[in-house]
Structures are given as C-alpha cells and as structure tokens.
Amino acid sequence: MGRVFCGYEKENDCVIQEYGKPGLAEQHATRSIFFVGGFGAASWAPLVPLLKARLGIAEDVLGMLLLCIGIGSLLTMPLSGAAAVRLGCRRVLTAAGLVYGALLLALCTVSSFQLAIPLLLIFGATMGCIDVVVNIQAVIVEKAAGRRLMSGMHALWSVGGFAGAGLFGIWVGTFSLTPLASTGIAAAVMVLVTLAASRHLLPYGGDAGGKLLALPKGIVTFVGIIACIAFLVEGAIMDWGGVFLTTVRHFDMALAGTGFTVFSAAMLTMRLLGDWTVQKLGQERVVIGGSLLAVAGFLFIIFAPTVVLLYLGFFFIGVGCANVVPVFFSLLGKQHVMPISLAVPAVSTLGYLGILMGPAAIGFIAHQTSLYAAFTLLAALVLLQAVIAAYVYRHIVE
C-alpha cells in the first residue's frame with residue numbers, strides 16, 4: 001500500500017495513524033467472518049457422502065480426494081499473510097468469503113472426478129486463507145481495543161459450525177428441501193454475511209517487512225508447536241472419539257458421536273466465556289491449568305469405570321483445550337520476532353499440520369498397539385503442550 005515499514009512492534013501504531021483506530025464495527029465484522037468460516041466448513045460436511053455417491057467412488061478414493069482440501073489449505077496459508085499485506089484484509093476476506101460460498105454450491109453439483117479435484121483444492125485454499133487472514137485482523141483489532149477479544153472471536157467459528165450443521169438438518173429433514181436447495185441457502189447466508197461485514201473489515205493487513213513467505217522462527221516456532229498439538233488433539237477427538245466409544249468401550253453405534261458432542265459443547269461454552277476467564281485468572285493459568293485439566297480428561301476416558309466419568313473426561317478436554325489457541329494468537333501481537341502478518345500464517349500452518357497428521361497418526365499407533373495407547377499418547381502431548389507454554393510465557397512479556 002505504499003507505506004514504509006516501521007518495525008514489527010510499531011506496525012499497529014503506523015496503520016492506526018493512517019487509517020484510524022479499529023472500533024466496535026471492526027470487531028463485529030471480524031466475528032462475522034469467523035462465523036462464515038465455521039458455517040462453511042459445517043455446511044460442507046453433509047455433502048461428503050453425497051459427493052461419494054455422485055462420483056461412485058470407494059472410501060479409500062474418497063479419503064484421497066478429501067486430502068485435496070488439506071493440501072489446498074497448506075499451500076495457501078503461508079502466503080495468505082502476504083496477500084493481506086498487499087491487498088488488505090478487507091479485499092482478501094471479502095473475495096474469499098464470496099468464493100467460499102460459490103465453491104460450496106459447486107461441490108454440491110459436481111459429477112466429474114477430474115473437476116472435483118481442483119474444486120476441492122481451491123475450496124481448501126479458500127478455507128485456509130479465511131482462517132489466516134481473519135486471525136490477522138483479530139490480532140490487530142484486539143490489540144487496538146486493549147482488552148481480551150480473541151476467545152469470543154474463535155467462539156463464533158464454533159457457533160457457525162453448529163448453525164451450519166443444524167440448519168442443513170432442518171432444511172432437509174423438516175422442510176424436505178433437496179440438498180442442492182439447502183446448500184444454496186447456506187451459500188446465500190455466507191455471501192450475505194460477508195457482504196454485510198465487508199465495509200468494516202480492515203483495509204490493511206499489517207506489514208511483512210518486504211517478505212512473502214511465512215516461515216516460523218524464534219519463539220513463534222514454539223507457539224506453532226502448541227497450535228499443532230491443540231489442533232491435533234481436536235482432530236483426534238473428532239475422528240477417533242466415536243471409534244473409541246464403540247470399539248473399546250462398547251457403546252451402541254447410535255451413541256458414537258456423543259463424546260465429540262460433549263467435547264464441542266464444552267469448548268464452545270468456554271470460548272464464549274474465555275475472554276472473561278482469561279481476564280480474571282490470567283492467560284498463563286488458563287492455558288497451563290487447562291492443559292492439565294485436559295490431561296485429567298484423557299485419563300478419565302481411558303480409565304473411567306462409569307459412563308458419567310467417561311463423558312466428564314470429554315467435557316474436561318473441551319474445557320481445557322478451548323482457549324489455548326485463542327490465547328496464543330493474542331500473544332502473537334506481543335512478540336517482536338516476526339510481524340503479525342507473517343507470524344499468524346506460520347502458526348496457522350503448523351496448526352493445520354496437526355489436523356492433518358492427527359487422525360492418521362492415531363490410526364497408525366492404534367493399529368500397531370491399541371486405542372488405549374493412542375489416547376495415552378494424546379495425554380502426553382497435552383502435557384508437553386503445558387511445558388512448552390510455560391517456556392513461551394518466560395520469553396514473551398506482556
């Protein structure tokens with residue numbers, strides 16, 4: 001944008017002098033885009049079995065096809081910060097939100113395997129871009145506000161997820177709409193919310209100091225490892241929680257999703273309360289204490305003799321993990337090793353690696369040993385997360 005780079009620690013001050021301080025409108029716009037991100041991801045999930053049937057492919061081919069989403073995200077995330085710097089959060093998020101909705105509709109109708117591959121790659125790239133750039137905006141807006149906002153911002157992603165999943169069931173199950181019509185409504189919601197938020201999105205995206213590629217360095221690398229573990233655990237609970245309940249604890253198949261439901265509800269509740277909780281207890285207590293609570297949750301899941309304690313384990317993990325990622329995204333605004341527009345995509349990329357690696361790693365370990373051993377490893381990783389968090393707090397001074 002023709003501005004002179006003025007140092008990582010002063011980048012917010014420089015852009016505020018030029019564009020004015022972000023206020024409530026910018027905060028609400030940021031929350032709206034978080035909602036769009038979660039809503040789009042949840043609206044895609046019911047389309048997966050429909051895509052499988054429409055293309056006439058087996059589960060292994062579907063798995064490889066779905067990997068395109070992760071590949072697209074990983075390719076885009078490291079460059080998204082540079083796009084925000086050059087074009088501004090407003091342009092990038094508005095374009096990505098509109099494309100996101102259009103791609104959702106396209107994926108509901110695609111009947112060619114050759115066409116599905118590029119569509120899924122672009123869908124993943126768009127999802128990753130939104131995830132990175134909205135977090136860049138969130139860090140800038142929170143820093144300008146001078147108070148905790150990040151947990152509430154991330155909660156809107158979860159709210160969007162619940163809304164997207166719930167509305168699809170209502171349109172199809174209650175009103176007997178076709179999947180295409182239901183997806184059309186979802187796409188329209190995403191487009192309208194994006195357009196409504198657009199004018200209050202930031203016209204800038206920080207300063208990258210002339211760099212394009214976001215590679216983590218210094219203390220940001222440790223924040224990225226924390227994000228990787230946090231996302232790995234969340235992905236493992238989502239993909240393997242039901243398998244654990246049905247194959248290890250011998251629950252009925254109808255109850256397979258109940259553990260993840262408890263986990264998700266606890267995570268959403270704590271994120272909605274997260275900013276207040278961090279303000280009262282301090283972020284170090286919330287992260288380290290939450291990690292230890294999550295470790296206890298895994299022990300409950302592994303050893304609990306009763307169903308109540310088993311579900312309490314899922315609840316503890318959700319509560320303990322809820323605010324780890326939001327708190328550390330906030331901390332990225334306080335470090336001086338990398339500019340925000342590079343630090344956020346670097347951490348997001350490592351976090352997304354955790355999502356991709358988690359289910360496969362758990363499956364490999366479970367095949368070689370048992371799901372008990374795999375979940376024990378998850379508990380150990382969360383404990384490691386607490387140790388790394390303590391190290392990061394010693395090196396990032398508020």
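**View 1. Ile 302 and its contacts.** Leaving aside neighbours within four places in sequence, Ile 302 touches Phe 244, Arg 249, Tyr 372, Phe 375 and Thr 376, a contact being heavy atoms within 4.5 Å. This is a predicted model, where local features need pLDDT of at least 70 and side-chain atom pairs count only at pLDDT 80 or more, while totals for chains, interfaces and linings use all residues. Residues are numbered from 1 along each chain as its sequence is written, and side-chain values use heavy atoms, with hydrogens and water left out. Ile 302 sits in helix α12 (residues 283-303); helices here are DSSP runs of H or I, at least four residues, numbered from the N terminus. With a relative accessible area of 7%, Ile 302 is buried (buried is under 20%, exposed over 50%, partly exposed in between, using a 1.4 Å probe and protein chains only). Its C-alpha atom is 9.2 Å from that of Arg 249, 53 residues away along the chain. Phe 244, Tyr 372 and Phe 375 also belong to one aromatic cluster, together with Phe 298.

**View 2. An aromatic pair between α2 and α7.** For the record, rings of Phe, Tyr and Trp (its six-membered ring) pair if their centres lie within 6.5 Å; planes under 30 degrees apart are stacked, over 60 edge-to-face, and the rest tilted. The two residues are 123 apart in the chain, with Phe 34 in helix α2 (residues 24-44) and Trp 157 in helix α7 (residues 150-174). Phe 34 is buried at 1% relative accessibility, whereas Trp 157 is partly exposed at 23%. A search of the whole structure turns up 14 aromatic pairs.

**View 3. Two spots on helix α4.** Met 64 belongs to helix α4 (residues 59-87) and is exposed, at 57% relative accessible area. Along with Leu 67, Ile 71 and Leu 75, Met 64 makes up a nonpolar surface patch with about 400 Å² of accessible area together. Thr 76 is in helix α4 too, but at 19% relative accessibility Thr 76 counts as buried. Beyond residues up to four places away in sequence, Thr 76 touches Ala 125 and Cys 129.

**View 4. Val 191 beside Gly 101.** The C-alpha atoms of Val 191 and Gly 101 are separated by 6.2 Å, though the residues are 90 apart along the chain. Val 191 is in helix α8 (residues 179-198) and is partly exposed, with a relative accessible area of 25%.

**View 5. Two loop residues with positive phi.** Most residues other than glycine have a negative phi. Ser 176, in the loop between α7 and α8, has a phi near 55 degrees. His 250, in the loop between α9 (219-248) and α10 (258-272), has a phi near 60 degrees. Both are exposed: Ser 176 at 59% relative accessibility, His 250 at 64%.

**View 6. Confidence along the chain.** The protein chain averages a pLDDT of 86, and 92% of the residues score at least 70; pLDDT is the predictor's confidence in each residue, from 0 to 100.

Technical notes:
Patches are made of residues with over 30% relative accessible area and no salt bridge: like charges are joined within 9 Å, nonpolar side chains (Val, Leu, Ile, Met, Phe, Trp, Tyr) within 5 Å. Accessible areas come from the Shrake-Rupley method with a 1.4 Å probe; for residues, only the protein chains shown count as cover. A salt bridge is a side-chain nitrogen of Lys or Arg within 4 Å of a carboxyl oxygen of Asp or Glu.
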